[in-house]
Each structure stands twice: as structure tokens, then as C-alpha cells.
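My entries are below the structure.

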Amino acid sequence: MLPIHHMIPGGPRPVAPFSHAVEADGWVFVTGQMPTDPAAPDAPLPEGVAAQTARVMENLKLVLAGVGLGLEHVTMARVYLTEFERDYAAMNETYRGFFTPGQLPARTCIGVTGLAVGALVEIDLIARRP
């Protein structure tokens, strides 16, 4: 079975050539999202990592909803931070609030030297259809 490539109507405008999500055998791989506003993609990014993390999580929810899933279906997350030492705690606090306590996905968090559009944070997900 070939993978299904999803572009979500009204989803965040891609900042590079990619699909919002690709699905294979019930697994859904969601492309890393940036803290851009789908309603105003050229607007300045939110100020600070907490606000950017919230926007990224809302964008991820939008993509998941577009394929009929939610955060409860997420099995793995990868977080990328440009200012790891400075922003790790604030990102975690915001990120944690999007999930049911005790039902957090597996996760990796990586410090990087830069992200597209000058973002402080990017998050990608792997979800599984029930």
C-alpha cells in the first residue's frame, strides 16, 4: 500500500516542500510545525518560547484534526529548540498543558543551531490510528 500524503485545507502554510502529514499502515507522521499563524502566515512570530510552543501545538492539532485524529493519538514527539538551556523549562511547561496528565507521548528534545523562519521551537509528531 502506498503512503497517503495529506495537505490540510486551512493548515499552516509550508515553509519548505513537504506534506503536512504522511500516513502509512495506520501510522501518521506529522511534519514539524513552525509557530506561524495559518490565518496570517506572514505575521511576525509570537514573542518568546512559551507563546511559540503554544502556536506550534495549535498548528499540530490543526493538522491532526485534518486527518481525523487528536493529540490523544500521538505516540512520539520530537522537539527542536534553538536556545536549549534558556527555553527548555518554559517549553516543557507549555507543552505539558496540551496533553492529558499521565498520557504524555514518548519524546526527544534536541538543541539545534537554527530553525526555519527564525523560530525558537519546532515540533513534529508520530500518531497512530485506533
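The entries that follow cover a helix pair, the aromatic pairs and a loop residue.

**Entry 1: the helix pair.** I note at the outset that the model is predicted. Two packed helices are described by the angle between their axes and the distance between the axes, so I looked up both values. Helix H1 spans residues 49–66 and helix H2 spans residues 84–96. Their axes come within 8 Å, and the crossing angle is roughly 40°. Angles under 35 degrees would count as roughly parallel, and 65 to 115 as roughly perpendicular; H1 and H2 are therefore oblique to each other. I recorded the hand of the H1 and H2 crossing as right-handed.

**Entry 2: the contact.** Which residues of H1 meet H2? On the H1 side I listed Val49, Ala50, Thr53, Ala54 and Met57. Their counterparts in H2 are Asp87, Ala90, Met91, Thr94 and Tyr95. By class, the residues of this contact divide into 7 nonpolar, 2 polar and 1 charged.

**Entry 3: aromatic pairs.** I searched for ring pairs with centres within 6.5 Å, and the count came to 2. In one of them, the ring centres of Phe84 and Tyr88 are 4.9 Å apart. Phe84 and Tyr88 both belong to helix H2 and are 4 residues apart, about one turn of the helix.

I then turned to Tyr95 and Phe99, which form a tilted aromatic pair. The centre-to-centre distance is 5.0 Å, with 50° between the planes. Tyr95 is buried, at 4% relative accessibility. Phe99 is buried as well, at 8%. I had already listed Tyr95 among the H2 residues that meet H1.

**Entry 4: Thr82.** Where is Thr82 found? I located Thr82 in the loop between strand E4, residues 74–81, and H2. Its relative accessibility is 18%; buried means under 20%, so Thr82 counts as buried. Leaving out residues up to four places away in sequence, I listed what Thr82 touches: Val112, Gly114, Leu115, Ala119 and Leu120.

Definitions and conventions. Residues numbered from 1 in each chain as written. Predicted model: local features only at pLDDT ≥ 70, side-chain atom pairs only at ≥ 80, totals over all residues. Heavy atoms only, no water. Axes fitted to C-alpha atoms, helices over the stretch in contact; angles between N-to-C directions. Helix = DSSP H or I, 4+ residues; strand = E, 2+ residues; numbered from the N terminus. Parallel < 35°, antiparallel > 145°, perpendicular 65-115°, else oblique. Left-handed = near helix turned anticlockwise from the far one by under 90°. Contact = heavy atoms within 4.5 Å. Nonpolar A, V, L, I, M, F, W, Y, C, P; charged D, E, K, R; others polar. Phe/Tyr/Trp six-rings, centres within 6.5 Å; stacked < 30°, edge-to-face > 60°. Buried < 20%, exposed > 50% of the residue type's maximum accessible area, 1.4 Å probe, protein only.
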